[in-house]
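Tutor: Please take a moment with the sequence and the structure below. We will then work through some questions, one topic at a time.

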Amino acid sequence: MEALALQHKAEQNRELRERLMQLKKERNAIILAHYYQRDEIQEVADFRGDSFLLAQKAAETDAEVIVFCGVHFMGESAKILAPNKTVIIPDERAGCPMADMVNVDGLRKLKAEHPNATVVTYINSSAEIKAETDICCTSANAVKVIQSVDSEEIIWVPDKNLGHYVQQFTDKKMIIWEGYCNTHDMLTLKDVVEMKAKYPNAQFVVHPECRPEVVEMGDFIGSTTAILEYCRKSDCQEFIVGTEDGTGYQLRLDSPNKQFHFASKFLVCPNMKVNNLKKLVKCLETMQPQIYVPPHIADKARSSLERMLEVK
């Protein structure tokens, strides 16, 4: 019975993939997928990446339509950087709880209290917040962005865990917003200690969105892309992975002979996982839901994203 169900699913996916190829051609579309997406989405993507790489790709593409398989703020960033393109996402409910933890009124109040501070905002934020921002960053370039800023005072929004990590690399005063990533913040010290005892030969690679005490345990600390690169190049054959479980797809692809153990079974972002192959095909058929960012917000937000892309 189970074998039949799997066979049916495989056949259905094959048909969906064929339809997808046809639609992509018709629409002159490119599919961008975040590393946290389901395997079936990553398999058909033209480009897989973290939020920084995907933002760059969106800014550069010749395609008329960008299908962004990620969460809402990523689609917004693509639309801001490529205003003349049509940007669609498979499911508009794919939000980001961390991005929702900061609001414009609260940020404006903080800016008024610290008039000389530069606002550095993590890309995991809404277009409205980016419009109130001097420069954006991602986990991949956060330290470089902080170091590129002239002022001695930084308002850091919205991820306190990443802010705490970045703080170690600067003498600047950082005023850190109290947001966090629900998924990464779930990983506890106890989880890591137990996994290290279970897999004593494994190295622990960890994302800086995790709690400070968890990050301190890392043999390697870095963005999703940095973790993938480290695991690919490392001589170590076994890893405990402290980031979202969708990265398993690329890790296994890069290093089929290495072993990867996720540090917790809860490292799953429910928002990233709402997208699936069926929804992806449907959004290209209907060209909905489309991402819209009001021009006055997009113009302000664009400068903060473009400044980030200029940091080398």
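**Cysteines, a helix, rings and charges**

Student: Is Cys 236 buried or exposed?
Tutor: The relative accessible area of Cys 236 is 14%. A residue counts as buried under 20% relative accessible area, as exposed over 50% and as partly exposed in between, using a 1.4 Å probe and protein chains only. With its 14%, Cys 236 is therefore buried.

Student: What kind of model is this, and which pLDDT do local features need?
Tutor: Residues are numbered from 1 along each chain as its sequence is written, and side-chain values use heavy atoms, with hydrogens and water left out. This is a predicted model, in which totals for chains, interfaces and linings use all residues, side-chain atom pairs count only at pLDDT 80 or more, and local features need pLDDT of at least 70.

Student: How far from Cys 69 is the nearest cysteine sulfur?
Tutor: A disulfide is a pair of cysteine sulfur atoms within 2.5 Å, and a search of the whole structure finds 0 of them. Cys 69 is accordingly in no disulfide, and the nearest cysteine sulfur, which belongs to Cys 283, lies at a distance of 6.7 Å.

Student: How many of the 10 residues of helix H4 are buried?
Tutor: Helices (H or I, at least four residues) and strands (E, at least two) are DSSP runs, numbered from the N terminus. The buried residues of H4 pack against several elements, including strand S1 (29-34), helix H3 (51-60) and helix H15 (295-310), where contact means heavy atoms within 4.5 Å. Helix H4 (residues 72-81) is largely enclosed by the rest of the structure, because the number of its 10 residues that are buried is 9.

Student: Which kind of aromatic pair do Phe 239 and Phe 260 form?
Tutor: Rings of Phe, Tyr and Trp (its six-membered ring) pair if their centres lie within 6.5 Å, and planes under 30 degrees apart count as stacked, over 60 as edge-to-face and the rest as tilted. The rings of Tyr 230 and Phe 239 have centres 6.5 Å apart and planes at 80°, so that pair is edge-to-face. Phe 239 and Phe 260, by contrast, lie 5.6 Å apart centre to centre with 15° between the planes, and their pair is stacked.

Student: How many residues apart in sequence are the parts that the pair of Phe 239 and Phe 260 ties together?
Tutor: Both Phe 239 and Phe 260 are buried. Phe 239 lies in strand S11 (residues 238-242) and Phe 260 in strand S12 (residues 259-262), so the separation in sequence of the parts tied together is 21 residues.

Student: With which residue does Lys 24 form a salt bridge?
Tutor: A salt bridge is a side-chain nitrogen of Lys or Arg within 4 Å of a carboxyl oxygen of Asp or Glu, and a search of the whole structure finds 22 of them. Lys 24 is buried, with a relative accessible area of 14%. The closest N and O atoms are 2.7 Å apart, and the salt-bridge partner of Lys 24 is Asp 46.

Student: Which helix holds both Glu 229 and Lys 233?
Tutor: Glu 229 and Lys 233 form a salt bridge whose closest N and O atoms are 2.7 Å apart. Glu 229 is partly exposed at 33% relative accessibility, whereas Lys 233 is exposed, with a relative accessible area of 57%. The two residues are 4 residues apart, about one turn of the helix, and both lie in helix H12.
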